[in-house]
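Try each task before reading its solution.

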Amino acid sequence: MAMYVYEKAKGTWENSSKREQIDIPAFSASMTNAKVLGATEIVQFDKVWTNNGNDYDPHTGIFKSPINGVYQFSFTVMSSSGKSLLVYLWQNENRLVAVYPGNGYNEGTANMVLNLQKGDRVYVKCGGSDHGYIHTSNGYWYSMFSGYLIHATK
């Protein structure tokens, strides 16, 4: 298994055995349009701001870990006017933390630091027994999802 080290002078992560330069896994994406989510639908944040390594897929809403490491994730969601919203952060098939901004133009945010193995998936998914109403507006980007590698592990 390769070990990655941060080369501060270069600002890159490198494979310590092969000295192969790689991108630091990092992404940030927003939603462009409000949406009614199915009861267990994964939220697709389709406006990609940053996607080093292309490990976040805006078509599925899933980040897939390219290497073992400690990662930080954050998401903010806004509920639609007069409607409720409940979403969770998931790691593979494990539900982690919830955000319930309540009814009508309220925001909620969650931040998590996770130990991931290569291939682990992280995503935001609607968690109610009913539909979720997520709000955003093109140009305002009220709802967003981001994550990045803090440091690689064995």
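Throughout, a residue is buried under 20% relative accessible area, exposed over 50%, and partly exposed in between (1.4 Å probe, protein chains only). Bear in mind that this is a predicted model, where local features need pLDDT of at least 70, side-chain atom pairs count only at pLDDT 80 or more, and totals for chains, interfaces and linings use all residues. Residues are numbered from 1 along each chain as its sequence is written, and side-chain values use heavy atoms, with hydrogens and water left out.

**Exercise 1. The overall picture**

Work out how many helices and strands the protein chain has, and what share of its residues is buried.

Solution. Start with the DSSP runs: helices are H or I runs of at least four residues, strands are E runs of at least two, and both are numbered from the N terminus. On that basis the protein chain has zero helices and 15 strands.

Next, burial: 44% of the 154 residues count as buried. The accessible surface (Shrake-Rupley method, 1.4 Å probe; for residues, only the protein chains shown count as cover) comes to about 7900 Å², and 46% of it belongs to carbon and sulfur atoms.

Finally, look at contacts, meaning heavy atoms within 4.5 Å. Take those between residues at least 6 apart in sequence: 65% of them join residues at least 24 apart.

**Exercise 2. The core**

Find which residues of the largest nonpolar core touch the most other members, and which strand gives the largest share.

Solution. A nonpolar core is a set of buried Ala, Val, Leu, Ile, Met, Phe, Trp, Tyr and Cys residues joined through side-chain atoms within 4.5 Å. The largest one here has 27 residues, and F45, F73, F75, L89, V124 and F145 touch the most other members. Two or more residues come from each of β4 (26-30), β9 (69-79), β10 (87-91), β12 (107-116), β13 (121-126) and β15 (144-152). The largest share, four residues, is β9's.

Now zoom in on L89. Skip its neighbours within four places in sequence, and its contacts include F73, F75, M112, L114, V124 and F145.

**Exercise 3. A nonpolar patch outside**

Which residues form a nonpolar patch on the surface?

Solution. For patches, take residues with over 30% relative accessible area and no salt bridge; like charges are joined within 9 Å, nonpolar side chains (Val, Leu, Ile, Met, Phe, Trp, Tyr) within 5 Å. That picks out V113, Y148 and I150, with about 270 Å² of accessible area together. I150 sits in strand β15 and is partly exposed at 37% relative accessible area.

**Exercise 4. Positive phi**

Where do N54 and N92 lie, and how exposed is each?

Solution. Take N54 first: it lies in the loop between β6 (47-52) and β7. Its phi is positive, about 55 degrees, although it is not a glycine. N54 is exposed, with a relative accessible area of 62%.

Then N92, in the loop between β10 and β11. That hairpin has two residues between the strands, and N92 takes a positive phi near 55 degrees there. N92 is partly exposed, at 22% relative accessible area.

**Exercise 5. Salt bridges**

Count the salt bridges, then say what the pair of E93 and R121 ties together.

Solution. The rule asks for a side-chain nitrogen of Lys or Arg within 4 Å of a carboxyl oxygen of Asp or Glu. That gives two salt bridges. One joins E41 and K35 (2.5 Å, N to O); E41 is partly exposed at 23%, as is K35 at 33%.

The side chains of E93 and R121 also meet in a salt bridge (2.7 Å, N to O). E93 lies in the loop between β10 and β11 and R121 in strand β13, so this pair ties together parts 28 residues apart in sequence. E93 counts as exposed at 55%, whereas R121 is partly exposed at 26%.

Terms used: Pairing = 2+ DSSP bridges.
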